[in-house]
Amino acid sequence: MRRLAPRRRFFAGRYQAALAKRAAEGTLRSTTVRTETLIDFASNDYLGVARDAAFAAAHFAAEARRADAAAGSTGSRLLTGASREHDAFEAFAAQFHGRESALLFGSGYAANSAVAATLPLPSDAVLFDERSHNSTRFGLVRSRASVQRPFGHNDLDDLRVKLRDHEGALVFVEGIYSMDGDEAPLQELAELCLEDGRAGLIVDEAHSTGILGDCGRGAVSTLPIPLRRAVVAQVHTFGKALGGHGAVVVCDATTREYLANYAQPFVYATAPPDSHSRLARRAYDAVAAADDARRHLARLIDLFRAECDVGSLLLPSRTPIQAVLAPGADVVSRAADRVRRAGFDVGAIRAPTVPAGAERLRLVLHAFNTEEEVLGVARAVREAVD
């Protein structure tokens, strides 16, 4: 054991140098639990499901009454971890999202990276929006696609030109982009893919699930039915509006079977316990019934944009995610600290999460926020970036 210690110190020293570099740049992250009491304009709990004590109490009470409750699944679903609860939830999710089939994952990151790594075949090209999430990019690095090219953010002309160069392309986009809050032009993208005849869409619905579409079914559900044929698969995660964790990929039955056989984050992962599927189903029921909350949230978004008069620093968005540019790691950190001193929790988004020079305050509006709180945070943001 003593002989290993110097080697451990050698590696730790290299890691420390990388951490020191980030600290000097003002981009060092931390898992420190924050103790200050601030009004939430930072979390992804759009509809308040995660903080709903009555919802949580009802779930845990129902679980406690079950005679078949178990702490874990015991293995991969391809070995000992499969259950009827998984099957029932997947059937529900497929029906809810208007698809033939579905596959459950333990996290949104795993689902996105699995889809990106697995679905592109060696003969395929991958075209992805330049603001695609890290989970998609992580998966694409591990894919077998012969070509991977970004296209300009929501730039249909750029995508059209690049589609002409390839036979067979998967196009990766997001229903709502997590750092900007804007939406993909899904109708035009679907039309372009169908017009091309050799392209298909993969849609990350992490931030659009629960927010867009009838009953919060997501961005794809807003497409005219004929255009939905362009969508190969969509990923609905549970960690935002649904207030939990995990994800489901919805697609046709063949694609689902292919993922279950070839997606390594699914094949080699211990399956979620049955209680995870039951919690996700209860969250879906709560979100589907939250039309009043979605209408209230829409009014708060309009109010914030009217009151946060900072010109072009406020990026275009009709969604709960509102971004205000404050370029520079030190600049955005100071701006966020100033807003927090006013009593509001907001995110300071720095490189490498966004490009250097595009640092921003990221605000998230929620159905549980009040008009008074929205007016207050809009005022604080104006003063912080002035």
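Author: Let us begin with the largest pocket, to whose lining helix 5 (134-141), strand 11 (347-349) and strand 12 (360-364) each supply at least two residues. Helices (H or I, at least four residues) and strands (E, at least two) are DSSP runs, numbered from the N terminus. This is a predicted model, in which local features need pLDDT of at least 70 and side-chain atom pairs count only at pLDDT 80 or more, while totals for chains, interfaces and linings use all residues. Residues are numbered from 1 along each chain as its sequence is written, and side-chain values use heavy atoms, with hydrogens and water left out.

Reader: Which element gives the largest share of the lining of the largest pocket?

Author: Strand 11 does, with three residues. The general idea is that rolling a probe the size of a water molecule over the atoms shows where empty space is left. On a 1 Å grid over the protein atoms alone, a pocket is an open set of points with protein on both sides within 12 Å along at least five of seven lines, whereas a cavity is a set where a 1.4 Å probe fits but cannot get out; lining residues have an atom within 4 Å of a point. Grid points are joined across faces, edges and corners, and a volume is the space filled by probe spheres set on the points. Here the largest pocket holds about 1200 Å³. It is lined by 38 residues, of which Arg29, Ala348, Ile349, Arg350 and Thr353 are the closest to its centre.

Reader: How many cavities of 30 Å³ or more are there, and which residues line the largest cavity?

Author: The count is one cavity of 30 Å³ or more. The volume of the largest cavity is about 50 Å³, and its lining consists of Phe238, Leu242, Gly244, His245, His276, Leu279, Ala280 and Ala283.

Reader: What span should helix 2 have?

Author: The expected span is 1.5 Å times one less than the number of residues. The twelve residues of helix 2 (residues 53-64) should therefore span 16 Å, and the end C-alpha atoms are 16 Å apart, which agrees.

Reader: Which residues are buried in helix 6?

Author: In helix 6 (residues 156-163) they are Leu159, Lys162 and Leu163. Their arc is only 100° around the axis, which puts them on the same side of helix 6. What covers them includes strand 3 (125-129) and helix 7 (186-196).

Reader: Is Leu297 buried or exposed?

Author: Leu297, in helix 11 (residues 291-307), is buried, with a relative accessible area of 3%. Residues up to four places away in sequence aside, Leu297 touches Tyr46, Leu47, Ile211, Pro320, Leu365, His366 and Ala367.

Definitions and conventions. Buried < 20%, exposed > 50% of the residue type's maximum accessible area, 1.4 Å probe, protein only. Contact = heavy atoms within 4.5 Å. Arc of directions from axis to C-beta.
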